[in-house]
Amino acid sequence: MASLDDDSLCCVFEHLETVSKGTLAVCAGASRQFKRLATRLLYRHLVLDTRIPGGSVLSRDLVETHFTRPQHKSHIAAFLTMPIHELEQVRRLTIHLRFHPRIRIESPDPFELDDHDLNQLSPTLINDAWAEFIARCSLIHTVVARIVAANSMLHTLEYVVDVDSSCIEVQLARRFYLSLSRIANAWPVSNLSNPSNLSNPNGSLLSSVTVKLQLTSESNLASPLYLSPVITTQGSQISAIIIENAEMWVDAQLVQLVASVGPLKQLILKKAMGLSSSFFKELQQKHANSLQELELNGVKRMDDIALFDSFLAASKWLRRLSLEGSLRTWARNLNELGRFDASNLTSLEELNLRACNGFPLEGFHLLAQRCTQLRVLEAGETTFGDTELQAFLHAKNLLTRVDVRNCPELSPVSWAALRSAKRIRWLNLQNCRSMTDSAAMITPKCVYELIQVLPLLETMLVGPIFSAKPHFLDWCALVCAQNTSSFSYEACRANCDRYVELKTGRLRGLPLSWNMTQPSACES
């Protein structure tokens with residue numbers, strides 16, 4: 001082993017870092033050479049986690065033991081005595097704050113207890129668990145301060161807030177606000193508009209730190225204002241915001257949020273109750289020239305015209321846009337969309353309009369004309385039809401992934417357009433009933449022939465397939481052929497599920513014989 005050069009070992013250790021950090025830690029103890037090379041990777045991304053789970057126990061004694069296990073706190077405290085040269089290896093720091101004072105049953109037999117019985121914990125027990133959580137937050141603050149003092153190369157800071165304080169008294173809940181303030185103020189770079197000009201206490205120059213703020217879907221804070229210490233102190237460094245459940249945020253708070261941070265590169269808001277024109281105008285003024293990923297999924301009410309006219313018309317670097325499940329009802333006259341200038345969306349690579357039932361067909365055509373670099377298209381559960389698919393599959397299209405499941409307007413006419421998708425790797429046509437249930441249905445032979453003319457296609461999803469429908473045995477043969485070249489119809493019938501995922505690599509170039517019962521659309 002001693003004869004291995006550093007470059008070869010680094011390649012092996014970098015692979016282990018992505019597979020198992022535990023294995024990498026074991027390798028670090030094998031020799032001095034291994035430790036020197038593995039330490040840099042072990043601490044390149046450091047996660048400080050409070051770990052206050054609900055548990056899967058029912059008795060009070062077990063719950064108390066579960067909440068107060070000492071090893072989690074000692075794990076954080078270990079960084080207080082860690083050698084400085086190891087802390088200098090940290091490049092990305094994630095602070096994961098979690099608190100869920102609920103009992104979670106993981107057993108397959110929940111003993112027939114209802115939700116009221118499962119969530120019934122004494123206030124004393126919950127308050128004790130909250131005090132332990134705050135103590136660990138304070139310990140994290142001390143560790144963060146030590147890392148900042150020792151490290152001048154740290155470039156990314158991530159806050160992951162997974163805290164449910166709904167059952168905590170207001171006075172006690174404020175302790176989380178104060179703890180988060182201490183952690184945020186541990187960063188001297190946060191108080192300057194130009195952090196690259198600041199030296200840390202040990203005299204080295206601090207690099208510009210990028211901050212990411214994420215609220216998980218189970219977070220339930222008493223007020224969004226509890227996050228204000230991070231937003232106020234480090235607002236200019238926050239480049240990414242992820243709120244997986246924004247139901248408790250009112251529009252005015254979201255407007256203030258996007259006005260206080262950034263410029264943002266990533267913004268993800270899910271399940272917001274409403275987004276007004278003020279929100280999109282603020283988004284345009286401060287983030288249009290920087291935002292690369294915008295995800296507004298499941299928004300109940302949205303000023304869609306302001307989204308298109310104010311923000312998207314000015315977005316130069318947007319690469320991913322997702323409005324899944326949001327544009328169900330449009331606020332204004334759809335004819336106003338004609339004013340939308342999409343000339344700046346030439347960098348858009350991923351577009352997700354799934355379940356946007358109110359999205360107008362003119363909008364699909366407009367995006368197809370402007371978004372020349374589009375590689376991913378998701379338009380399932382909409383009025384997306386043949387002409388819209390043909391608009392996106394133009395001669396110079398770069399699409400590699402197309403998801404048009406549950407689009408009733410697609411018909412066998414679209415089959416010819418799919419042949420021009422020479423770069424496509426993943427295709428979902430499930431529940432396109434007009435293509436499979438019409439008189440000129442798409443048959444397994446059509447699918448097989450399409451696979452032969454699309455050289456890069458790897459996965460194709462089709463269905464539903466019913467045993468009472470014509471060509472059922474041919475579908476069975478096609479499904480079975482991707483696993484083995486020798487098959488029987490009896491085995492195929494057993495292996496053919498209602499919804500089929502075809503791995504097309506094995507089918508390409510494989511000769512098959514067909515038992516056709518009626519002419520297909522591709523033959524006509």
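Predicted model: local features only at pLDDT ≥ 70, side-chain atom pairs only at ≥ 80, totals over all residues.
**Exercise 1. Describe how helices α8 and α9 pack, and what kinds of residues make the contact.**

Let's start with the geometry. The axes of α8 (residues 123–150) and α9 (residues 170–184) lie 9 Å apart, at an angle of about 10 degrees. Angles under 35 degrees count as roughly parallel, so α8 is roughly parallel to α9. Next, look at who takes part: α8 contributes residues including Trp 130, Phe 133 and Ile 134, while those from α9 include Leu 172, Phe 176 and Arg 182. Finally, sort the residues of this contact by type: nine are nonpolar, four polar and two charged.

**Exercise 2. Is Gln 266 buried or exposed, and which side chain does Gln 266 join in a polar contact?**

Then check the side chain, which is joined to that of Glu 293 by a polar contact of 3.0 Å. Leaving aside residues up to four places away in sequence, Gln 266 also touches Lys 212, Ser 239 and Leu 291, among others.

**Exercise 3. How many residues of helix α13 are buried, and what covers them?**

Begin with the count: seven of the eight residues of α13 (residues 304–311) are buried, so the helix is largely enclosed by the rest of the structure. Among them are Ile 305, Leu 307, Phe 308 and Phe 311. The cover over these buried residues includes α12 (277–287) and β7 (293–297). To finish, turn to the start of α13, where a side-chain oxygen of Asp 303 comes within 3.2 Å of the backbone nitrogen of Ala 306.

Notes. Residues numbered from 1 in each chain as written. Heavy atoms only, no water. Axes fitted to C-alpha atoms, helices over the stretch in contact; angles between N-to-C directions. Helix = DSSP H or I, 4+ residues; strand = E, 2+ residues; numbered from the N terminus. Parallel < 35°, antiparallel > 145°, perpendicular 65-115°, else oblique. Contact = heavy atoms within 4.5 Å. Nonpolar A, V, L, I, M, F, W, Y, C, P; charged D, E, K, R; others polar. Polar contact = N/O pair within 3.5 Å; in protein donor to acceptor, adjacent residues only side chain to side chain. Buried < 20%, exposed > 50% of the residue type's maximum accessible area, 1.4 Å probe, protein only.
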